[in-house]
Amino acid sequence: MPNTASDRTIAPLETPRLGEPYLLTPGPLTTAYEVKEAMLRDWGSWDGDFRAMTAELRRQLLDIAGDTKGEFDCVPMQGSGSFSVEAMLGSFVPRDGKVLVLINGAYGKRIAQTLGYLGRDHVTIDKGDYMPPRGPEVAAALNADPAITHVIVVHCETSSGILNPLKEISEVVYANGRKLLVDSMSAFGAVPAGIADLRYEAIVSSANKCIEGVPGFGFVIARKTELEAAKGRSHSLSLDVHAQWDAMNKTGQWRFTPPTHVVAAFLEALRLHREEGGVAARGARYTRNRDVMVAGMREAGFETLLADRWLSPIIVTFFSPADPAFAFDRFYELMKEKGFIIYPGKLTVVDSFRVGCIGRMDEHVMRRVVEAARTSLTEMGVASAAPPAVALAERSRLAA
Ligand SMILES: Cc1ncc(COP(=O)(O)O)c(C=O)c1O
């Protein structure tokens with residue numbers, strides 16, 4: 001376990017609070033006061049000032065992606081993250097293309113469902129709730145089916161919190177002459193996915209994840225050659241990445257009403273991201289959040305679903321205690337009373353809950369989260385946080 005909880009202590013992340021609970025959820029998440037404050041003014045969508053803000057946002061996101069050669073471009077899309085995933089699929093997978101979808105949770109399943117809506121041929125490797133897709137099995141699937149043109153993988157599968165082996169998968173995809181698309185919704189900005197280190201055609205994320213903005217748009221960062229090839233391919237007017245890209249390049253504007261306040265907030269979030277030290281520093285804070293929180297929860301008797309090597313710094317799944325006095329709804333309310341919103345689990349086999357590590361908070365907050373969890377258990381009359389035996393059996397399957 002990367003447990004360095006008591007090795008060193010950093011100064012608290014000072015940010016004024018407005019009395020609301022911390023969101024220990026993977027977006028919307030707790031944002032800085034300055035990010036909220038940036039929304040206090042109105043912007044004209046066609047005005048030069050706002051166009052400059054859009055251009056700046058695109059430029060800074062390309063910087064974060066590490067596009068040093070100018071081969072990629074960034075296309076913001078209105079809507080939540082799923083809109084951008086759908087836009088990416090409909091724009092970059094040709095109508096006669098075929099996609100291999102790597103599934104190990106809800107977001108991989110949603111991709112397959114989206115491809116169904118789009119009428120794009122696809123096959124899946126489904127690893128269940130949380131087993132990672134691995135290079136050799138992807139290679140075998142690609143060898144077995146020459147019709148596959150694209151592979152899509154979820155970077156951090158937020159439903160379990162597993163960090164999938166993106167580099168391993170990318171290498172296999174390109175060694176087999178196919179193209180990779182990445183849903184990095186909950187990882188971009190905190191987990192490295194730099195264009196120089198990792199090959200892909202397009203990657204998607206959204207405003208309200210690791211950059212710590214508020215919800216309202218997503219963005220597609222794609223190779224310019226793919227953007228050009230996407231002309232006329234999309235099934236949808238509003239989700240056509242090529243059309244949005246082309247219009248933005250020509251006019252500096254979004255094609256339809258942009259989320260002006262969200263963009264203003266996002267620029268402030270980008271400033272804070274830079275000030276903190278970029279992807280490495282953001283990732284380090286989240287990792288520390290995770291380490292402190294996981295160490296404390298384990299001390300309290302809770303067990304994580306995932307073995308340490310697969311734990312992401314984004315969100316952690318814990319098994320619910322076997323003690324019959326434990327009920328998630330009650331635990332949720334008790335945690336909320338103490339200022340923390342947690343997240344239900346998404347496992348199908350055993351009961352679980354999740355605690356997010358991302359957002360404007362640090363290890364000092366995470367220590368209070370652990371304390372709140374301990375106190376809540378006592379209030380519920382739960383003597384032990386240990387999970388049922390079936391949960392531990394599940395976990396040893398993963399370790400094998
Ligand atoms: C990996 C991943 N993909 C897609 C989505 C969907 O994003 P949204 O809920 O913003 O549509 C999420 C949301 O958390 C996610 O974590």
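This is a predicted model: local features need pLDDT of at least 70, side-chain atom pairs count only at pLDDT 80 or more; totals for chains, interfaces and linings use all residues.
A helix here means a DSSP run of H or I at least four residues long, numbered from the N terminus.

Helix α8 covers residues 241–251. It is followed by Gly252, which has a positive phi, near 80°. At the other end, where α8 starts, Asp240 places a side-chain oxygen within 3.0 Å of the backbone nitrogen of His242. Val241, His242, Gln244, Trp245, Ala247 and Met248 are the buried residues in this helix. An α-helix has 3.6 residues a turn, so residues three or four places apart point the same way. What do the buried residues of α8 pack against? Their partners are helices α2 (48–65), α3 (81–92) and α7 (224–229), along with strands β2 (72–78) and β10 (217–223).

Is Lys179 buried, partly exposed or exposed? Lys179 is partly exposed, at a relative accessible area of 31%. Leaving aside residues up to four places away in sequence, Lys179 touches several others, including Thr149, His150, Tyr174 and Glu201. Glu226 is also touched, and the side chains of Lys179 and Glu226 make a polar contact at 2.7 Å.

Last, a sheet. Three strands form an open, antiparallel sheet in the order β11-β14-β13. β11 (315–319) and β13 (343–344) are at the edges with a single partner strand each, so one side of each has no neighbour in the sheet. Between β13 and β14 (residues 352–356) there are 2 bridges, and Pro344 has Phe353 of β14 as its bridge partner. Helix α10, residues 278–299, lies across β11 and β14 and runs at about 10° to β11.

Definitions and conventions. Residues are numbered from 1 along each chain as its sequence is written. Side-chain values use heavy atoms; hydrogens and water are left out. Buried means under 20% relative accessible area, exposed over 50%, partly exposed in between (1.4 Å probe, protein chains only). Contact means heavy atoms within 4.5 Å. A polar contact is a pair of N or O atoms within 3.5 Å; within protein, one must be able to donate a hydrogen and the other to accept it, and residues adjacent in sequence count only if both atoms are side-chain atoms. Two strands pair if DSSP finds at least two bridges between them. Axes are lines fitted to C-alpha atoms, for helices over the stretch in contact, and angles run from 0 to 180 degrees between N-to-C directions.
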